[in-house]
Amino acid sequence: MALRIATRLPRLAIVGIVLLLASATLAVGAAKRMAAVPQGAPAPVTTPTVTVPDIKGQAFVFAKGTLEDAGLAWKVVGSVHGYATNKVARQSPAAGTKLRDTGAPTIEVTLARTSYAQQGEPEDVSPYFGTSVQPVGLPKTAVAPNPAAAVVPAAKPAAAPATKTAAAKPAARTPDFVRAGAPKEPQDELPLTQRAHLLSAFIASHTKSTANVRRFLYQHTWIVTGAKFGWWHGAQALRELIAADQTAQQRWGIGRKSELVARAALSEVEARSK
């Protein structure tokens, strides 16, 4: 018996050595594979962008809608104001430019007069707050601006016949009541009623997002504050604003507190207007 065990000991020792070497080989291979895969590598970060649409030559009433649908804000620059029938002569940045989505990048629009009459109230700024413009690339067909062209004045429109007069500026909006210390309504801004109407349409046609909610709250505060200052047609604007709040509650699930604020302001404005 002892002899049999003695004869098997060398074999057992050899088997043990083989198993030990095999496990060591597997451990080294696993370590190499783990080293080959980076641990905790950060995922690539993509920056949201928006592409500037081409609105040159469009009637302003359509151009501003195109910009708003693309998630952009706008403002009119130059001597020609934002009447619906005027057309876009220039835009900056140019069409095709990619911008970082900062919320609502502001596109500058230069308009030109047309043969149609300028009627109604001009709109020189978008109905919501614009954000900074941060280009991330230039359009492929972009052409470097000509410095000489920048100093050449635009051609003046043909003089109107002697029997006609230049288009009169819109009549100044008079306050509904005077509140001590309240600032005067800026005549170059949209009337409160038009802001409320545009805000209601914006909520009805856009989904809820952080940027859209921010625009809603900004415009809401502007309308309520202006109405309490006694600005033109404040009560009418607040009634439409309350309807916009109700639309926001249905579509976005927010707006109840804003509606209460607007209702309180309406009661105050109606009391002061009597």
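Reply: A helix here is a DSSP run of H or I with at least four residues, and helices are numbered from the N terminus. Please note that this is a predicted model.

Me: How many helices and strands does the protein chain have?

Reply: Read along the sequence, the elements of the protein chain follow the pattern α-β-α-β-β-β-β-β-α-α-α-α-α. The secondary structure of the protein chain therefore comes, by the DSSP runs, to 7 helices and 6 strands.

Me: In which helix does H220 lie?

Reply: Helix α5 is formed by residues 210-228. H220 lies in helix α5.

Me: Is H220 buried or exposed?

Reply: A residue counts as buried under 20% relative accessible area and as exposed over 50%. The relative accessible area of H220 is 5%. H220 is therefore buried.

Me: Which residues is H220 in contact with, leaving aside its neighbours within four places in sequence?

Reply: Contact means heavy atoms within 4.5 Å. With the neighbours within four places in sequence left aside, H220 is in contact with L199, L241, D245, S258 and A262.

Me: How many nonpolar, polar and charged residues does the contact of α5 with α6 have?

Reply: From α5, the residues F216, H220, I223, V224 and A227 take part, and they meet G234, A237, L238, L241, D245 and A248 in α6. By class, this contact of α5 with α6 has 8 nonpolar, 2 polar and 1 charged residues.

Me: Are α6 and α7 roughly parallel or antiparallel to each other?

Reply: The angle at which α6 and helix α7 (residues 256-273) pack is about 165°, and their axes are 9 Å apart. The cut-off for roughly antiparallel is an angle over 145 degrees. The two helices α6 and α7 are therefore roughly antiparallel.

Me: Is the crossing of α6 and α7 left-handed or right-handed?

Reply: For α5 and α6, the crossing is left-handed. For α6 and α7, the crossing is left-handed.

Me: What percentage of the residues of the protein chain count as buried?

Reply: A residue with under 20% relative accessible area counts as buried. The protein chain has 274 residues, and the part of them that count as buried is 31%.

How values were computed
Residues are numbered from 1 along each chain as its sequence is written. This is a predicted model: local features need pLDDT of at least 70, side-chain atom pairs count only at pLDDT 80 or more; totals for chains, interfaces and linings use all residues. Side-chain values use heavy atoms; hydrogens and water are left out. Axes are lines fitted to C-alpha atoms, for helices over the stretch in contact, and angles run from 0 to 180 degrees between N-to-C directions. A crossing is left-handed if the near helix is turned anticlockwise from the far one by less than a right angle, and right-handed if clockwise. Ala, Val, Leu, Ile, Met, Phe, Trp, Tyr, Cys and Pro count as nonpolar, Asp, Glu, Lys and Arg as charged, and the others, Gly among them, as polar. Buried means under 20% relative accessible area, exposed over 50%, partly exposed in between (1.4 Å probe, protein chains only). Angles under 35 degrees count as roughly parallel, over 145 as roughly antiparallel, 65 to 115 as roughly perpendicular and the rest as oblique.
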